[in-house]
Amino acid sequence: MPKGSPELTQARREEIINACEKLYRTMSFKEITIKEIGNVTSFTRTSIYNYFQTKEEIFLALLKREYELWIASLKQTMERVDKMTEDEFSDMMAHSLEEREQLLKIMSMNHYDMESGSRPEHLAAFKIAYGESISTVTFALDKYFPDMSVSEKRNFIYTFFPFMFGIYPYTFVTEKQREAMKAAGVDYAFMTIYEITYNCVKKLLESGK
């Protein structure tokens, strides 16, 4: 790690993550390289290696930031609203993920490759954010549905979080994919992030009754 103030180090890291995020809006994970990321930062490509050794570490840091933004959004709502019905809770969860398209897009990638290509300290930092997201949703269930049993909350968490990994592929499809579905004769109803999330959360809450 290069010498410098913690503020400068964090600013450089954020610039690299921002560059990766910008590229990921128009390029695929396979297309993005350290060189490509370096081309949209204010310093040399080789300087990136002082902060991240692989592009997987950069993507993992971006995913960590997306989880933190999602957590902050949920907490902000919970601080403002004391009570919620099942419909209102489903609406909150659906809107919170509707605003985090990048989170869902990165989640749809192969986590095994991304995590295996990162050093332990980067992986641990990510797992802290991931764990906090689970704790935040659990706290929301505690707050708004105090009558839910421990097993019902556990079932909600261990159904909803795996479900999140499939939201992006089911809501964002290319024209090529649409044509393939049509050619295969598959009658598929495409849904928005909001619709698919709302329906899942509502069904999970109803099944816990």
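Visitor: What makes up the chain, helices or strands?

Guide: The predicted chain has 12 helices and 0 strands. Read from the N terminus, the order of elements is α-α-α-α-α-α-α-α-α-α-α-α. Along its principal axes, the C-alpha trace spans about 55 × 50 × 30 Å.

Visitor: Why is C20 called buried?

Guide: Buried means under 20% relative accessible area. C20 has a value of 0%, so C20 is buried.

Visitor: And why does C200 count as buried?

Guide: The cut-off is again under 20%. C200 has 13% relative accessibility, and therefore C200 counts as buried. Across the 209 residues of the chain, 43% count as buried.

Visitor: How many disulfides does the structure hold?

Guide: It holds 0 disulfides. To be counted, a pair of cysteine sulfur atoms has to lie within 2.5 Å.

Visitor: Why is T85 called partly exposed?

Guide: Partly exposed is the class between buried, under 20%, and exposed, over 50%. T85 has a relative accessible area of 43%, so T85 is partly exposed. You will find T85 in the loop between helix 4 and helix 5 (86–98).

Visitor: Where does Q102 lie, and is Q102 buried or exposed?

Guide: Q102 is part of helix 6 (residues 101–107). The relative accessible area of Q102 is 6%, and because buried means under 20%, Q102 is buried.

Visitor: What does Q102 touch?

Guide: Setting aside residues up to four places away in sequence, Q102 touches E21, Y24, R25 and E66. Each of these contacts has heavy atoms within 4.5 Å.

Visitor: Which residues of the largest nonpolar core touch the most other members?

Guide: They are W70, F89, F156 and F160, in a core of 56 residues. Helix 4 (residues 55–80) gives the most to this core, with 10 residues. In soluble globular proteins, nonpolar side chains tend to be buried together.

Visitor: What is F156 in contact with?

Guide: Leaving out neighbours within four places in sequence, F156 is in contact with F89, V137, L141, V201, L204 and L205. For the chain, residues 24 or more positions apart make up 76% of the contacts with a separation of 6 or more.

Visitor: What lines the largest pocket?

Guide: The largest pocket holds about 210 Å³ of space. Its lining has 13 residues, and Y24, K105, S108, M109 and Y168 are the closest to its centre. By class, that lining has 7 nonpolar, 4 polar and 2 charged residues.

Visitor: How is the lining of the second largest pocket divided by class?

Guide: That lining has 5 nonpolar, 2 polar and 7 charged residues. Asp, Glu, Lys and Arg count as charged. Among the 14 lining residues, R13, I17, A61, K64 and A125 lie nearest the centre. R13 and K64 are therefore charged by this rule. The volume of the second largest pocket is about 180 Å³.

Visitor: Which element gives the largest share of that lining?

Guide: Helix 4 does, with 6 residues in the lining of the second largest pocket. The elements giving two or more residues to that lining are helix 1 (6–24), helix 4 and helix 8 (120–144).

Note on methods. Residues are numbered from 1 along each chain as its sequence is written. This is a predicted model: local features need pLDDT of at least 70, side-chain atom pairs count only at pLDDT 80 or more; totals for chains, interfaces and linings use all residues. Side-chain values use heavy atoms; hydrogens and water are left out. Buried means under 20% relative accessible area, exposed over 50%, partly exposed in between (1.4 Å probe, protein chains only). Helices (H or I, at least four residues) and strands (E, at least two) are DSSP runs, numbered from the N terminus. A nonpolar core is a set of buried Ala, Val, Leu, Ile, Met, Phe, Trp, Tyr and Cys residues joined through side-chain atoms within 4.5 Å. On a 1 Å grid over the protein atoms alone, a cavity is a set of points where a 1.4 Å probe fits but cannot get out, and a pocket is an open set with protein on both sides within 12 Å along at least five of seven lines; lining residues have an atom within 4 Å of a point. Grid points are joined across faces, edges and corners, and a volume is the space filled by probe spheres set on the points.
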